[in-house]
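I opened this model to look up its sheet, its helices and its cores. My notes follow.

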Amino acid sequence: MGRALKPKQLPTIMIELALEKYPFRAELSNGLQTLFRPMEEGDETAFKAFLETVPEIERLFIKENLNDPKLIENWCHDLDYEAELPLLAFADGKIIGLVALQQRLGGWKRHIARVRLLTDPEYRDIGLANLLLTEIVDMARHAGILRLESEFNAEREIGIRAFAEYGFTEFMRLPRYVRDMSGGSHDFVMMGMDIRSNPEFAGAGD
């Protein structure tokens, strides 16, 4: 007879089971075959090249400083899929998209997770963002998450549109609350979406 599992262990086990589907391939709306899988430590060089595809004007409106070499090191090493699960999309021999699920491992907001999304500008409007969000929502359900949220500089219109088309709605806007990498002030936007989780694991953090 197997050992009894503590409730807090269940989300980790369910995510591990869900990750068994990767890598898998899907076709984008233009017919492009795309491979999806979790980030691995060996992805550092390819991930750096991916970040370099983000136009300078968009870099101003992204929360993280994409020019900071420590950012790549932090994302690609010491991976902990329970705390943060980054999924990558590959096509044409390179990374073309990233979506990440950031979980709180305890506390009164443990049922809420943050999502961040970034795509190569050359691969937009062909269903990539929607596929990445679909995958991360599925991972969130397996982790017992009940609500997903994402935060934006209000000038990130492309990202806001992608989340809105998927079903996220704006629930908070603070005027001139954040500053871009050049020091300019912008509105801060929070978007969120409630999701249905497996009832067996929805209270796994209790």
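In what order do the eight strands of the open sheet lie? I read S1-S2-S3-S4-S5-S6-S8-S7, with mixed pairing. Strands pair here if DSSP finds at least two bridges between them. Helices (H or I, at least four residues) and strands (E, at least two) are DSSP runs, numbered from the N terminus.

This is a predicted model, so I noted the limits: local features need pLDDT of at least 70, side-chain atom pairs count only at pLDDT 80 or more, and totals for chains, interfaces and linings use all residues. Residues are numbered from 1 along each chain as its sequence is written, and side-chain values use heavy atoms, with hydrogens and water left out.

Axes are lines fitted to C-alpha atoms, for helices over the stretch in contact, and angles run from 0 to 180 degrees between N-to-C directions. S7 pairs with S8 (residues 185-194) over seven bridges, in the antiparallel sense. I looked up Glu-170; its bridge partner in S8 is Met-191.

**Helix H5.** Which strands does H5 (residues 128-142) lie across? I found S1, S2, S3, S4, S5, S6 and S8, with H5 running at about 35° to S4.

**Helix H2.** In H2 (residues 44-51), I found Phe-47, Phe-50 and Leu-51 buried (under 20% relative accessible area, 1.4 Å probe, protein chains only). Seen down the axis of H2, these residues fall within an arc of 95°, so they line one face. The arc is taken from the directions from the helix axis to the C-beta atoms. Their cover includes H3 (56-59), H4 (69-76), S3, S4 and S5.

**Cores.** A nonpolar core is a set of buried Ala, Val, Leu, Ile, Met, Phe, Trp, Tyr and Cys residues joined through side-chain atoms within 4.5 Å. The largest has 42 residues, and Leu-101 and Leu-148 touch the most other members. H5 gives the largest share, eight residues. I noted a second, separate core of 17 residues, with Phe-50 and Ile-95 among them.

**Confidence.** I checked pLDDT, the predictor's confidence in each residue, from 0 to 100. The chain mean is 85, and 87% of residues reach 70 or more. Over residues 1-10 pLDDT stays under 50. Over residues 201-206 it is below 50. Where pLDDT is low, the predicted coordinates should not be read in detail.

Definitions and conventions. Contact = heavy atoms within 4.5 Å. Buried < 20%, exposed > 50% of the residue type's maximum accessible area, 1.4 Å probe, protein only.
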